[in-house]
Amino acid sequence: MKLIKEMLALAATGITLVAVAQPAGSIRINQAGYYTNGPKVVVVTGTGNSDRFFVLTAEGRDTVFKGVLSAEKTSLFSSTKTRVGDFSKVQKSGRYVIAVPGAGPSFPFRVADDVHHEVAVASLKGFYYQRSNEPLEEKHAGKWHRPAGHPDTEVLVHPSAASKERPAGTVISSPGGWYDAGDYNKYIVNSGITMGTLFSAYEDLPKYWTSLKVNIPESGDALPDLLNEALYNLRWMLTMQDPHDGGVYHKLTNALFDGMVMPGVTKAPRYVVQKGTGAALDFAAVMAQAARVFRPFEKQVPGLADSCLKAAERAWQWAEQHPDVRYSQREINPVHKPDVLTGEYGDRNFRDEVLWAAAELFVTTGQKKYFDAVSERRKDPAGLPGWSNVGMLGYYTLLRHQKALPSYAVPVTKAMRDTVLRIADLYLANTPRNAFATVMGQSARDFIWGSSSVAANQGILLVNAYLLTGHKRYLDYALTNMDYLLGRNGTGYSFVTGIGTKSTLHPHHRPSVADGVAEPVPGLLAGGPNPAMQDKCVYEFTEPETAYSDTDCSYASNEIAINWNAPLVYLAGALEALQKKAGYVKK
Ligand code: G3I
Ligand code: 9MR
């Protein structure tokens, strides 16, 4: 009767009620595990479960903890019902399972120090597997070793990019760099946020990243591996700047996506396409940050910092002269042949790109004109970073370096600090309503193409709040999103390939599909639930929180991408770097 009443009420609001499938009841945990002294939350999905839960040793099945689950909660963005349990009191290192009468047991999981070490290593190593033009040797790549992919030493200037010095058809060399995602193209805009996030990881916690080795060809040299890996893409980015005018090509691409084959198998022509304002500004930001980050390594990479700074300033000048050049294939394709139909990364608003580039240039050079460009834009709405929304990266950088800035910057950095903390506090305030007790999933808008990166970027914002205030609660909530990514979510999947018992197995990732190895390339973050389901693949569940399809068909929910992996690298590394300070492990 109550249900009928609710249905009638819904009908009155115009919302149609359809019977939606949802994942069967089960126990959702962070499949990588929990810090010995850290918070530990389990979520049990489904209805009619008992309100008791038990933590047992995985081997002997001895009960080490008895807990009570919360009252039933209904998810805001799916019809899933949950109960939430806290077992933070289990603090002895070991392997455990959770049992609930009527459901479970859970997958076995660890309670230990360093539980996200493997995630930090694997997610950074994930970038190595995306390297385009060098063979991945077995000693680094294990069973995923493969020959080099696209050499990109003979790339054509597409008619959309023609200039006096480089008419259409000019051949340029633009080798190296990471493949963007499951496809084999290389996009400056998406490299922008990716590199910014990786460099920020390093600048925020340099000690941690200096000691982390991930078995790449450069491991053991005098640069931290994080910087070694980033340098591989940085060198490619530098080739995307036209030396004649400082402008930056939007992307290096095939006209059409390659089929689901190994890289380098197809020989379709590759092009650099139209220069754009977004590409120039993202490039300027990355180069300005790189100049700062590599400055202390003058001996290892002589002249690099200077080259980066020069490249940044020239790209900035180009953008000043071309403040509104958008990249739109709808507009370009009717005019210039061949049609280009690969990823667009077409932004229309460059105020946030200006802010970010100006912030990086200001911190690196100290020139007041860059500060003025930031200051003019500081009342713009600033939200969570994404490839088309990078203003917050400028906030992070100014806040990270605020002590070194001139006093006239103080009102601006103070306002930025308030903004970051206001968003962080909102995350905290809304989490109790969430059926999975995570920061992720407080808004339907969290579940977009690449929703996993929303979770990771929320985590980064909270790490920033922690670094700014020292308040441990911010880190605790960042951890809830790591739990989300590794299994405490509406789907029950760990979205990181190779991490956890039930993780993404069939990403829309050409090498993983074509390499003949059963397991997907490890350390890659799948896009995650995306109810828009633009790929029209088969989805077992279709609500915002559950619209995820672990099939290689599903590029809208199950591709991987460098701008999603980068925030995972940041978050996993930050949790590992801060575990002692935060008291997650016994000193
Ligand atoms: O902003 C709107 C929002 O207002 C609306 O409610 C929502 C409804 O679906 O759509 C939102 O826009 C979406 C946008 O992503 C949000 O980030 C678009 O529909 C969606 O098409 C767009 O997806 C982008 C996708 O390329 C298609 O262009 C993804 O952001 C982007 O990450 C993805 O990137 C691709 C590259 O093009 C090619 N390489 C692989 C890479 C990853 O899939
Ligand atoms: O494989 C492509 C993937 O990398 C992109 O993110 C996605 C959206 O641009 O497009 C995929 O390619 C599909 C194309 O858009 C439509 N035909 C099927 C292709 C995938 O097999």
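Me: Where do Lys472 and Asp476 lie?
Reply: Both are in helix 15 (residues 472–485). They sit four residues apart, about one turn of the helix. This is a predicted model, by the way.

Me: And what do their side chains do?
Reply: Lys472 and Asp476 meet in a salt bridge, 3.3 Å from N to O. Lys472 is partly exposed, at 34% relative accessibility.

Me: Which residues are joined into one network by salt bridges that share partners?
Reply: Glu203, Asp204, Arg292, Glu360 and Arg400.

Me: How many salt bridges does the structure hold?
Reply: 24. One of them pairs Arg131 with Glu229, at 2.7 Å from N to O.

Me: Are Arg131 and Glu229 buried or exposed?
Reply: Arg131 is buried, and Glu229 is too.

Me: What parts does that pair tie together?
Reply: Arg131 is in the loop between helix 2 (117–129) and helix 3 (138–141), while Glu229 is in helix 6 (residues 225–239), so the bridge ties together parts that are 98 residues apart in sequence. Arg131 also lies over the face of Tyr232, 4.7 Å from the ring centre.

Me: What about Lys164 and Glu165?
Reply: They form a salt bridge, with the closest N and O atoms 3.8 Å apart. Lys164 is exposed, at 75% relative accessibility. Glu165 is partly exposed, at 41%.

Me: Switching to rings. How many aromatic pairs are there?
Reply: The count is 23. Tyr179 and Tyr184 make a tilted pair, 4.7 Å centre to centre with 50 degrees between the planes. Tyr179 is buried, at 1% relative accessibility. Tyr184 is buried as well, at 3%.

Me: Why does the pair of Phe362 and Tyr408 count as tilted?
Reply: Their planes are at 40 degrees, so the pair is tilted; under 30 would be stacked and over 60 edge-to-face. The centres are 6.3 Å apart.

Me: Where do those two sit?
Reply: Phe362 is in helix 10 (residues 351–365) and Tyr408 is in the loop between helix 12 (391–400) and helix 13 (410–430). Phe362 is buried, at 1%, and Tyr408 is partly exposed, at 32%.

Me: What sits over the ring of Tyr408?
Reply: The charged end of Lys368, 5.3 Å from the ring centre.

Me: Which residues form a nonpolar patch on the surface?
Reply: Ile448, Trp449 and Tyr555, with about 260 Å² of accessible area together. Ile448 lies in the loop between helix 13 and helix 14 (451–469), and is partly exposed at 41%.

Key:
Residues are numbered from 1 along each chain as its sequence is written. Chains are lettered from A and ligands numbered from 1 in the order in which they are written. This is a predicted model: local features need pLDDT of at least 70, side-chain atom pairs count only at pLDDT 80 or more; totals for chains, interfaces and linings use all residues. Side-chain values use heavy atoms; hydrogens and water are left out. Rings of Phe, Tyr and Trp (its six-membered ring) pair if their centres lie within 6.5 Å; planes under 30 degrees apart count as stacked, over 60 as edge-to-face and the rest as tilted. Buried means under 20% relative accessible area, exposed over 50%, partly exposed in between (1.4 Å probe, protein chains only). A charge sits over a ring if NZ of Lys or CZ of Arg is within 6 Å of the ring centre and within 35 degrees of the ring normal. Patches are made of residues with over 30% relative accessible area and no salt bridge: like charges are joined within 9 Å, nonpolar side chains (Val, Leu, Ile, Met, Phe, Trp, Tyr) within 5 Å. Accessible areas come from the Shrake-Rupley method with a 1.4 Å probe; for residues, only the protein chains shown count as cover. A salt bridge is a side-chain nitrogen of Lys or Arg within 4 Å of a carboxyl oxygen of Asp or Glu.
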